[in-house]
Amino acid sequence: MQTEVGETSFAVLLFQDIAVIGILVIVPLLATQGVAVETPHGGALSSLPSWAYPLAVAGVIACVVAGGRYLSRYVFYFMAKTNLREVFTATSLALVIGITLLMQAIGISPALGAFIAGVVLASSEYKHTLEADIEPFKGLLLGLFFISIGMGMDFNLLAAEPVFLLAAVLALLVIKIALLFLLGKFFNLTSYYNIGFALALSQGGEFAFVLFQYANTLNVIGHEEARFLTLVVALSMATTPLLMLLYSRYIVPRFLSVLPARDFDTIDAHNAVILAGYGRFGQIIGRFANAQGVKLTVLEKDPDQIENLRKFGVKCYFGDAAREDLLRGAGAATAKLLVVAVDDADVSLEIVQMAKKEFPQLKILARARNRRHAYELDKAGVDYFKRETFDSSLSMAQVMMTYLGYSKDEMKRKAIAFAKHDEKTLAASFEFFEKEPELISFSRQATGEMESILQSDQEK
């Protein structure tokens with residue numbers, strides 16, 4: 001996801017999923033066998049003429065999405081106030097089933113109903129709580145979906161008609177690769193990225209299984225054709241790892257110079273303080289400490305940053321603080337403090353967890369990217385954390401208010417009160433940080449308290 005190939009591929013995959021909505025609406029209109037031609041769609045809208053049916057379906061879908069977007073928040077709010085997680089989970093599942101049955105009632109695939117229900121739930125402010133509640137069901141049903149697809153595959157077809165089947169797989173791959181490559185050219189992707197983009201998406205998508213099954217139910221395609229096409233898509237998926245392996249091994253080296261990995265430095269300094277990460281945040285800490293004669297053992301794993309710092313005479317070591325052996329080599333067993341100033345929140349948490357386990361005597365100070373990261377660090381047991389942009393943002397807010405004509409001293413006093421209250425409420429919120437309804441309620445209460453504090457100060 002950090003490369004142009006990954007971002008472009010993900011964008012196309014997302015659009016493919018959205019395009020399924022239109023395809024599922026169109027498929028019933030193609031039905032000519034076993035279903036009346038005059039009313040191919042059936043269901044509650046069977047009396048409508050064929051030209052009006054898609055419009056009616058689009059209208060129902062639009063109403064469901066709009067209603068879910070603007071009404072679901074109130075429904076979930078009342079459910080959350082019951083403080084019964086079972087009721088909350090049951091409501092979300094009832095919403096999914098209800099929308100699915102509605103789509104089925106108007107003659108549309110239940111799969112489309114489930115997809116739309118997911119869109120509705122994704123727009124809810126309670127989506128994180130819903131994700132946690134639905135997670136067990138998701139794992140179970142997703143497994144059942146792929147198991148049922150796998151059990152429905154007839155590999156006797158591969159034994160009976162191997163040449164025809166493999167030729168169909170090859171045709172699918174070649175056509176998709178050619179189309180994707182032309183699209184990449186049209187959108188000015190470089191040759192290196194374009195080849196990776198075309199190969200990454202060369203296979204058939206998993207929604208094809210749903211479409212084939214649905215088309216077979218409506219007699220748009222026969223049972224044998226559905227079995228054949230399902231196996232073609234499955235085999236095309238199996239080629240993807242092989243194609244990407246060929247891409248990495250034979251194509252990437254033609255475009256990139258692969259340099260040998262640089263060995264980590266041998267650390268010969270054992271100081272009382274170890275500083276992990278010497279970027280924007282870590283440099284300020286390092287400069288402040290050095291100005292007072294406090295020696296630091298600085299670890300940085302970006303080789304370009306290391307070379308740049310050494311040009312300015314900064315003594316630092318190329319090493320990964322997330323590795324226990326390197327941290328031990330930096331003197332963590334005898335050091336007093338470990339300051340974690342790395343930019344990546346996941347790496348930061350990994351360093352803290354490892355250090356707390358292997359070097360329990362260390363006092364750990366950590367840079368927090370945001371409130372969520374602060375919560376994770378607190379749970380991991382850091383002795384002190386500081387959100388990286390909090391002070392600078394608050395300082396600018398003070399300046400902004402003085403430009404609007406407010407007293408500088410008054411704004412400084414209010415900023416101190418704001419900071420104290422925010423730190424206090426942040427620590428208090430950790431008790432139920434994973435419970436979104438309670439957290440939202442607490443945040444609104446804290447905001448009201450802050451307004452009261454600042455207004456009371458102004459009146460005084």
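Colleague: Why is the contact between Arg227 and Asp154 called a salt bridge?

Modeller: A salt bridge is a side-chain nitrogen of Lys or Arg within 4 Å of a carboxyl oxygen of Asp or Glu. The closest N and O atoms of Arg227 and Asp154 are 1.8 Å apart, so the pair meets that definition. The pair links distant parts of the chain: Arg227 lies in helix α10 (residues 223-255) and Asp154 in the loop between α5 (127-152) and α6 (156-160), 73 residues apart. Helices here are DSSP runs (H or I, at least four residues), numbered from the N terminus.

The model is predicted: local features need pLDDT of at least 70, side-chain atom pairs count only at pLDDT 80 or more, and totals for chains, interfaces and linings use all residues. Residues are numbered from 1 along each chain as its sequence is written, and side-chain values use heavy atoms, with hydrogens and water left out.

Colleague: What makes Arg227 count as buried?

Modeller: Buried means under 20% relative accessible area, exposed over 50%, and partly exposed in between (1.4 Å probe, protein chains only). Arg227 has a relative accessible area of 16% and is therefore buried. Asp154, at 19%, is buried as well.

Colleague: Which label, buried or partly exposed, belongs to Glu224, and why?

Modeller: Glu224 has a relative accessible area of 45%, so it is partly exposed. Its side chain meets that of Arg227 in a salt bridge (2.5 Å, N to O). Both residues lie in helix α10, three residues apart, about one turn of the helix.

Colleague: How many salt bridges does the structure hold?

Modeller: The structure holds 17 salt bridges.

Colleague: What is the relative accessibility of Phe137, and why does this residue count as partly exposed?

Modeller: Phe137, in helix α5, has a relative accessibility of 34%, which places it between the two limits, so it counts as partly exposed.
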